[in-house]
Amino acid sequence: MLRITGGQRRETGPDGEYVTRRVSGSAATKAYRCPGCAQEIPTGMPHVVAWRPYGDGGDRRHWHSSCWERRSRRSPRAPRY
Ligand SMILES: [Zn+2]
């Protein structure tokens with residue numbers, strides 16, 4: 001079972017709104033595949049969980065913290081200034 005510590009917050013990126021939570025290393029008891037880089041997030045590594053604010057939370061994804069931060073800056077759909 002996934003234990004999540006800390007608060008959650010809403011973030012708006014180029015692909016819409018997400019709710020995110022920081023998962024601490026001690027709470028990361030399972031390995032996940034990061035959708036940002038397709039690499040594994042090993043157990044014990046602090047990372048980010050993100051999901052849509054609507055729906056049942058079944059679209060929850062685990063991201064490397066760095067991949068989550070990069071995602072909003074590298075999106076091809078980001079507007080050009
Ligand atoms: Zn990643």
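The model is predicted, so local features need pLDDT of at least 70 and side-chain atom pairs count only at pLDDT 80 or more, while totals for chains, interfaces and linings use all residues. Residues are numbered from 1 along each chain as its sequence is written, and side-chain values use heavy atoms, with hydrogens and water left out.

**Zinc site**

- The zinc ion is coordinated by C34 (SG), C37 (SG), H64 (ND1) and C67 (SG), at 2.0 to 2.4 Å; donors are N, O and S atoms within 2.8 Å of the metal (3.2 Å for Na, K and Ca), and sites may look incomplete because water is not among the atoms.
- Along the chain, the donors of the zinc ion follow the spacing C-x2-C-x26-H-x2-C.
- C34, in the loop between β3 (32-33) and β4 (40-41), and C67, in helix α1, are 33 residues apart, so this pair links distant parts of the chain; helices (H or I, at least four residues) and strands (E, at least two) are DSSP runs, numbered from the N terminus.
- The site of the zinc ion is tetrahedral, with angles of 104 to 118 degrees among its four donor atoms; four donors count as tetrahedral if all angles lie between 85 and 135 degrees.
- For comparison, the ideal angle for four tetrahedral donors is 109.5 degrees.
- C34 is buried at a relative accessible area of 1%, and C67 is buried at 5%; buried means under 20%, exposed over 50% and partly exposed in between (1.4 Å probe, protein chains only).

- Y18 and W68 pair edge-to-face (planes over 60 degrees apart), at 5.6 Å centre to centre and 85 degrees between the planes.
- That pair links strand β2 (residues 16-23), which holds Y18, to helix α1, which holds W68, across 50 residues.
- W63 and W68 are also edge-to-face, with ring centres 5.2 Å apart and planes at 75 degrees.
- Relative accessibility is 14% for Y18, 13% for W63 and 1% for W68.

**Charges over rings**

- The charged end of R52 sits over the ring of Y18, 4.2 Å from its centre; the criterion is NZ of Lys or CZ of Arg within 6 Å of the ring centre and within 35 degrees of the ring normal.
- R71 lies over the face of W68, at 3.8 Å from the ring centre.

**Helix residue S66**

- S66 is in helix α1 (residues 65-74) and is partly exposed, with a relative accessible area of 42%.
- S66 and G36 are 30 residues apart in sequence and 9.3 Å apart in space, C-alpha to C-alpha.

Terms used. Tetrahedral: all angles 85-135°; square planar, octahedral: opposite > 155°, others 65-115°. Phe/Tyr/Trp six-rings, centres within 6.5 Å; stacked < 30°, edge-to-face > 60°.
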